[in-house]
Amino acid sequence: MEVHISESWKNILKEEFEKEYFQNLVGFVKEEYTKYTCYPKGKEIFAAFDHCTFENVKVVIIGQDPYHGENQANGLCFSVHDGITHPPSLINIFKEIETDLGNPYPKSGNLEKWANQGVLLINATLTVRAHEAGSHQRKGWEQFTDAVIQKISEQKEHVVFLLWGGFAKKKGAKINTAKHHVLTSGHPSPLSANRGYWFGNKHFSKTNAYLKNISESEIKW
């Protein structure tokens, strides 16, 4: 099966798509989508890459799993479709932006506008069965997204990586910190945020300060 992904990424990840584990993953995903309701929609599985070309990547945010509720996931980590109630982690992300930058809390939880500015919003696992969190973990997606992070680390410079929570920090272990700017904090989920590990991290203003310092355009969060 041909992977429908933007041309810039197709060239970067060509070798990965040809590997046996990825072919097995494609087979698994096709079967799951045939037998069960899965998210995001098939055409949105690689949305993070379609909205943010390899050349445009300035910031990387790493999530874990797509939302598994009805019509929530849109292929971008932490993001939901327009008109969908904001999940708790996204609420806390927007609250931090409010206090950090003074931006008003937005109506839409769709983060496409970030992706279009060069923010790669990537989940470690790109698909999930409806109402079954983690159901597509350990099938090959993690190996694929590790390869994505490694390619960015190796082939680009001065990318800001935002690693929120223990999972993202482990996922980002191979990032070359001599070439890239890595910011870490607790996860924006209520469990972590309410214990003081998220609010006040100022990752959004810090990201923009770094981008400005290297003469890159700032992100309109």
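Which residues cover the two faces of strand 5? The views below take this up, starting with that strand.

**View 1. Strand 5 in this predicted model is largely enclosed by the rest of the structure, because 5 of its 5 residues (160-164) are buried.** Val160, Leu162 and Trp164 lie on one side, Phe161 and Leu163 on the other, and all are buried. Here, buried means under 20% relative accessible area with a 1.4 Å probe, protein chains only. Strands are DSSP runs of E with at least two residues, and helices are runs of H or I with at least four, numbered from the N terminus. In a regular strand the side chains alternate between the two faces of the sheet.

**View 2. Strand 5 runs parallel to strand 2 (residues 59-63), joined by 3 bridges.** Opposite Val160 of strand 5 you will find Val59. Two strands pair if DSSP finds at least two bridges between them.

**View 3. Strand 6 (residues 181-185) pairs with strand 5 in the parallel sense over 5 bridges.** Look for Thr184 in strand 6, the bridge partner of Leu163. From strand 5 the chain passes through helix 7 (residues 165-171) to strand 6, a right-handed β-α-β crossover: with the strands pointing away from the viewer, the path from the first strand over the helix to the second runs clockwise.

**A note on the model.** Residues are numbered from 1 along each chain as its sequence is written, and side-chain values use heavy atoms, leaving out hydrogens and water. As this is a predicted model, local features need pLDDT of at least 70 and side-chain atom pairs count only at pLDDT 80 or more, while totals for chains, interfaces and linings use all residues.

Technical notes: Buried means under 20% relative accessible area, exposed over 50%, partly exposed in between (1.4 Å probe, protein chains only).
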